[in-house]
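Subject: Structure handover

Hello,

Here is the structure I said I would pass on. Please have it open while you read the notes that follow.

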Amino acid sequence: MNRLDPQTLPLTRTEALTRPLVKALQHPWLAGIVRSSAVEDSLQALHPLLSLSAVRARVVKLIDETADTRTLLLRPNNLWRGAQAGQFVSVTVEINGRRHERMYSLTSRPGSRLLAITVKRQGLVSAHLHDAVRVGSVLALSQAMGEFTLPATLPPKLLLLSAGSGITPVLAMLRELQARRFAGDVVFLHISRNPADLIFADELRAAAVAFPALRLMLHFSQQQGRFDVGTLGQQVPDLAERATWMCGPVALMDAVQAHWHANRHSEPLHHERFAAAPLAAKPLSEPVRIQLLRSASDFASLGADNLLLQAEAAGHSPKHGCRIGICRSCQCVKRSGTVQNLQTGELSSTPNELIRLCVSAARSDLALEL
Amino acid sequence: MNTLTRPQIDAFQAEVDAIRASVMSTLGQADVDHIRKMITLCRVSELSGRALLHFGPGPLSWVAGVLALAHAKILDNMEIGHNVMHGQYDWTGDPALNSQTFEWDIACDGEAWRHSHNVTHHTYTNILGKDRDLGYSLLRMTPEQKWKPRHWLQPLTNLMLAMGFQYGVGSHDLELGRYKHGAIPKPVFKERLNRFVSKVGKQWFKDYLLFPALALWSAPRVLAGNFAANLIRNLWTYVVIFCGHFTEHVAIYREQDCRNESRGDWYLRQLAGSSNLTGGRWFHVLTGHLSHQIEHHLFPDMPAHRYREVAPQIEALCLKYGLRYNTGSLFKQYLAVMKRILVNTLPPGQPRLAG
């Protein structure tokens, strides 16, 4: 059993009660009498955290970490199943009538009943979380997701490597190591533009003193120049012996991965990619026809982009969520044809298989249940 | 059917496109607030209607309950269901407003509707032999349709269709006629039939079994109330929908007229094939803004409450290009519909009715 899959985490006690209700409401005979959206809306009119199926959380505190980064402390309702350090949640907000979903690493403290996410202002949703969300606001969350976590049995030597806002999941891991009184040896190497941009600076410095297993290495690229992955071996001489967890910009993670391969390191290299580095889909020489069976329409594709984007460009609006291959909201049945998974590069021609539109590109004529 | 030159049609297309873009680029909070308000209103109306039917004393509360329930069903079918299922609110990303999963309080299954209405009717509006909404395969609405002896009974058929309109709409996608002629494979027909029967079953279970049973000794009162509310909804939707395409001067097309249409041609066909109703704000809402049938057919995926805003611009455009903008009161337009039905009751070659 994969204990990190939210589907397999044990249900909360409240969920054990609400699950059968949700199931009953979805039954076609009952759904025609009471829509579950009506039940949800009524519950939330009574109390904004009430829900039969959705994790909803109230903002209880806002902490400004740096000039452009803020931590939101959240109190979830009883449907929250808990999380492991390094996991993330999707946060759904409505901005000017449109729902947007984004993934944020959890930066909750070990053992705390409160959840935390640390958000750097960089786009529409993060700006909304900075400007429009106040103490008392309620956010809709997913259960915790992701397999970027520490194992139950810790290796003797670890490297936690991060850059920029990628510090969030690895900092959560560092806190967990500290809480578990890890007696091994952990190097925490973080790359930041300058000291003013360093999130959790005080906490890191305090841990460097109080946590004997920790060796803290900070690299400020404004003063010390761009971090050269080639020097990693000199900075961390026993690199080959360290199981590594890293999170940061795609270019950095690619470089580290290349370094790992070049030096044939055998210790595992775990990484978290939010901007999933999908393969650039190579356009086909001849356009193929994408047939949408339910809407009885079709469009032509050169397979140069994922199917979700292409369907949208063709004027359709398939159901979707994260758009990066995580939430499976855009999953649909492919009746026939060949698609390429842009995350793995795998080609698949199996008929009647479930594909995720946002990470699949057409490689032949397709018939989709859309 | 129109006298515009190709460059004029292209210019018309560009102007209609511009009107569309001016609205679609401003979709936002106000549109979501509107539809959510309608949903809340519909729920409150249904709850009070059912409460009055179940627990109200005397005949007056029965009438009030029927009206409230009919109001809820009309809102649900017209302003909410019809418009949501057109994808007018898909841009919100709210699963409760998703066109592909929405289901409504009517005997017509949502999935069947998405096909018969969104695909067939809106693409092939008023094309003989293609648009199956043209007389709903029951009525002869134009002299171009072949007359058959059964059309003598047309005025009666029309009344039956009006009273049971939800079943007309629900069985529409079965394409019974085409199935009889072998144009539809048996398994496809079977699947459609199952879907129709299952949806009707669910509706009957709810309105004619479960709710009356819950009312115990008031079961007959509730049963009659639910029936009356459904009947009112049927008559209202029938009148509104027939006034949208079967009034006087509405153009009927042949398949060959519409080959190789440009978007401009399509706009012109939608314009000539639709007619509007005049009325106040509440009247428009109760018709699901199908009182702006012309605007709806030009922009089927635009949130319908915005049609009021674009209607004057479309009307001005019609004036500029010398096109007919067919509008009138409900009374005037329905009179024209009735005339059309009666005229086409008679076989060809008969002296036409005066008027």
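In chain A, A:Ile191 has A:His219, in β9(A), as its bridge partner. Strand β8 (residues 185–192) of chain A runs parallel to β9(A), and the two pair over seven bridges. Strands count as paired if DSSP finds at least two bridges between them. Strands (E, at least two residues) and helices (H or I, at least four) are DSSP runs, numbered from the N terminus.

This is a predicted model, in which local features need pLDDT of at least 70 and side-chain atom pairs count only at pLDDT 80 or more, while totals for chains, interfaces and linings use all residues. Residues are numbered from 1 along each chain as its sequence is written, and chains are lettered from A and ligands numbered from 1 in the order in which they are written.

The sheet: five strands of chain A form an open sheet with parallel pairing, in the order β9-β8-β7-β10-β11. Its edge strands, β9 (214–220) and β11 (269–272) of chain A, each pair on one side only.

The helices: α5 (residues 167–179) of chain A lies across β7 (157–163), β8, β10 (243–247) and β11 of chain A, at about 150° to β7(A). Angles run from 0 to 180 degrees between N-to-C directions, with axes fitted to C-alpha atoms, for helices over the stretch in contact.

The two chains: 14 residues of chain A are in contact with 21 residues of chain B (contact: C-beta atoms, placed from the backbone, within 7 Å). On the side of chain A that touches chain B, α2(A) gives the most, with three residues.

Regards
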